[in-house]
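Please look over the model shown here, with attention to the surroundings of the ligand and to the pairing of strands. The briefing that follows takes these topics in turn.

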Amino acid sequence: MDVPVSPQEPELVEHRWFKNEEPFELYVRRDLFLPNRVTALYVQGAKEVIARFPTPVRVADIGTGQGPICTYLGRREDVTFVDAVEPVEAQCEIARRNIAYHHLGDKVRVHHGMFCEPLNGDAYEIIVADVSGIGHQVAVNMGWYPPGIPTGGPDGTEVILPLLASAGGYLADGGYMVITVGIGVSDHEKILAAADEHFGGRELVAEQTFPLSAEAMSMLQKLDDPFLQHITRRGTRGTYRGEVYALSNPRNRD
Ligand SMILES: C[S@@+](CC[C@H](N)C(=O)[O-])C[C@H]1O[C@@H](n2cnc3c(N)ncnc32)[C@H](O)[C@@H]1O
């Protein structure tokens with residue numbers, strides 16, 4: 001998979017996701033998927049789970065995009081190594097550039113591919129699953145997904161459901177898969193039902209409410225996706241929610 005536009009030069013952008021931390025720099029191409037507030041929410045959930053382990057953990061970052069999560073976690077001392085997976089080659093290139101920029105070449109590997117398929121035999125204490133999980137019409141019309149970046153299909157479940165069914169076999173004993181559901185922007189009930197089918201444990205570890213402008217609300221009102229009923233309206237504006245879950249005790253370990 002690749003993007004159908006001429007490549008733009010990557011820019012070095014400063015990210016500051018947490019008030020008590022120093023900012024860190026990442027290369028991004030603005031015509032690719034840009035790290036955003038949901039990226040930071042994922043990282044918050046992952047940090048909460050990593051802190052439960054007494055020794056450094058092995059991490060898989062599925063759907064790494066331009067590499068924000070693998071770069072951020074790769075810089076931490078409580079992480080041994082990160083294997084990142086991404087199907088869009090142009091995004092893999094930027095992710096690798098970020099790894100090199102932060103001198104993480106011996107700790108973080110970026111694999112071109114889908115789901116957990118490129119992972120070759122390691123087990124992970126943490127699998128961060130930040131794959132496309134927003135309904136297609138919302139993802140494209142909100143401008144969150146540029147051309148060439150695969151979306152989560154009509155209801156945002158097409159990538160996360162097969163990942164939930166297959167990822168358990170890549171977890172180490174006592175490991176966690178970290179997922180985020182977007183309430184109001186995907187069929188979150190279907191995703192949580194699949195999570196409960198494939199994992200014995202599900203715990204809310206982080207959550208955040210995100211604002212929607214009057215302009216966004218007026219665009220969303222023209223769409224007919226049933227899950228949009230879960231958006232909270234506040235006058236002409238609205239909000240949707242992101243909930244991060246740590247899934248444990250996979251039932252599908254073969
Ligand atoms: C919501 S974006 C997150 C990207 C990045 N983690 C970030 O926060 O900027 C979802 C990513 O999942 C990737 N993706 C889509 N289908 C996938 C699949 N089958 N396996 C792995 N990644 C996939 C997309 O290409 C996209 O880069």
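Sorted by class, the shell around the ligand in this predicted model holds 14 nonpolar, six polar and two charged residues, where Ala, Val, Leu, Ile, Met, Phe, Trp, Tyr, Cys and Pro count as nonpolar, Asp, Glu, Lys and Arg as charged, and the others, Gly among them, as polar. Because the model is predicted, local features need pLDDT of at least 70 and side-chain atom pairs count only at pLDDT 80 or more, while totals for chains, interfaces and linings use all residues. Residues are numbered from 1 along each chain as its sequence is written.

**Ligand shell**
- Among the 22 residues around the ligand, those that come nearest are Thr-39, Gly-63, Gly-65, Met-114 and Asp-130, a residue being near a molecule or strand if its C-beta atom, placed from the backbone, lies within 6 Å of it.
- At least two residues of this shell are supplied by each of α2 (68–74) and β4 (79–86), with helices (H or I, at least four residues) and strands (E, at least two) taken as DSSP runs numbered from the N terminus.

**Pairing of β10**
- Strand β10 (residues 237–250) pairs with strand β7 (residues 171–183) in the antiparallel sense over seven bridges, pairing requiring that DSSP finds at least two bridges between two strands; Thr-180 has Val-244 in β10 as its bridge partner.
- Strand β8 (residues 199–212) is also antiparallel to β10, over 12 bridges, and Leu-212 is bridged to Gly-238 of β10.

**The β9 and β10 hairpin**
- Strand β9 (residues 232–234) pairs with β10 in the antiparallel sense over three bridges, and Arg-234 has Arg-237 as its bridge partner in β10.
- Two residues lie between the strands of this hairpin, in which Gly-235 adopts a positive phi near 65°.
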